[in-house]
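Hi,

Here is the structure I promised to send over. Have a look first, and then read on for what turned up when I went through it.

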Amino acid sequence: MITPRKAADRGRTKIDWLDSRHTFSFGDYRDPRQMGFRTLRVINEDRVRPGAGFPTHGHRDMEIITYILEGALEHKDSLGTGSIIRPGEAQRMSAGTGITHSEFNHSKTEPVHFLQIWIMPASAGIAPGYEQKTIDDAKAHGGFAPVGTPEGGGQSVKIHQDAALSVAKLEPGQTVTTNLKKGRHGWVQVARGAVTVNGTALAEGDGAAISNEEKVTIVASAPAEVLFFDLA
């Protein structure tokens, strides 16, 4: 079963420095029908104007993954981490017992466009942590490249949950296929372009929940960048 979540139906927060689209309930946007999917709790598509950003704020007990589409995001946290995240990189911050951080557009002239993803951890109260990796771009072109896995290592960040995230970058007509083990579920998020997922058409910004499907076949109908979540 494929259940689309159309881009136009998402919630929205728009203020002078931020334009954010919410796939699931977040902040002042509340929809009891859209509270997440499995352990996937948040997918926000954020655009932040030059020089602006999120001042220091706190989180607990959440795995927070940042995936940059355009521009550069500057990160600082209470662990002493200071970093800049750019396209082709992924950041994972484990909030655990508590962490504070800030996120700002690194550029004074160009906007930054990114996805922020929250996944509920397998257990509460883990130690806060931070990790940043370069994604295998060559593998992503025409196939799935790991972004985050429960084991971590290599070019994927570690997710403290039975959940995996991968990315595929496809040219029109290209196809990628993955299998879902019995009892597993999937979520597809179209970051750019347009695809079909088991025959269901999805455009840029669309997502889809996948259940009771043994095989997931994604076909690009335009140049596309697609995130795929494999969830318990």
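Why does strand β9 (residues 89-94) count as largely enclosed by the rest of the structure? Six of its six residues are buried, so there is no exposed stretch to speak of. Keep in mind that this is a predicted model.

The cover on β9 comes on both faces: Glu89, Gln91 and Met93 are buried on one side, and Ala90, Arg92 and Ser94 are buried on the other.

Glu131 deserves a look of its own. This glutamate lies in strand β12 (residues 129-134). Is Glu131 buried or exposed? Its relative accessibility is 17%, and because the cut-off for buried is under 20%, Glu131 counts as buried.

Which residues touch the most other members of the largest nonpolar core? That core has 25 residues, and the ones in question are Leu40, Ile117, Ile119, Val167, Trp187, Leu227 and Phe229. Several elements give two or more residues to this core: β4 (40-48), β6, β11 (112-119), β13 (145-149), β15 (163-170), β17 (185-192) and β22 (224-231). Apart from this core lies another one, of 19 residues, with Val195, Ala208, Ile210 and Ala220 among them.

Leaving aside its neighbours within four places in sequence, Ile117 is in contact with Leu40 and Val42, with Glu63, Ile64 and Ile65, and with Leu165, Leu227 and Phe229.

From there, go to β17, which is mostly covered, with seven of its eight residues buried. β17 and β22 pair in the antiparallel sense over seven bridges, and Trp187 stands opposite Phe229 in β22. β17 also runs antiparallel to strand β20 (residues 207-210), joined by four bridges. Here Gln189 stands opposite Gly207.

Last, there is a separate item to check: an open sheet. Which strands form it, and in what order? There are four, in the order β16-β21-β18-β19, and the pairing is antiparallel. β16 (175-179) and β19 (200-203) are the edge strands, each pairing on one side only. On average, neighbouring strands of this sheet are turned by 20° against each other, direction ignored. Within the sheet, strand β18 (residues 194-197) is joined to β19 by four bridges, and Thr196 stands opposite Ala201 in β19.

Cheers

Terms used
Residues are numbered from 1 along each chain as its sequence is written. This is a predicted model: local features need pLDDT of at least 70, side-chain atom pairs count only at pLDDT 80 or more; totals for chains, interfaces and linings use all residues. Side-chain values use heavy atoms; hydrogens and water are left out. Two strands pair if DSSP finds at least two bridges between them. Axes are lines fitted to C-alpha atoms, for helices over the stretch in contact, and angles run from 0 to 180 degrees between N-to-C directions. Buried means under 20% relative accessible area, exposed over 50%, partly exposed in between (1.4 Å probe, protein chains only). A nonpolar core is a set of buried Ala, Val, Leu, Ile, Met, Phe, Trp, Tyr and Cys residues joined through side-chain atoms within 4.5 Å. Contact means heavy atoms within 4.5 Å.
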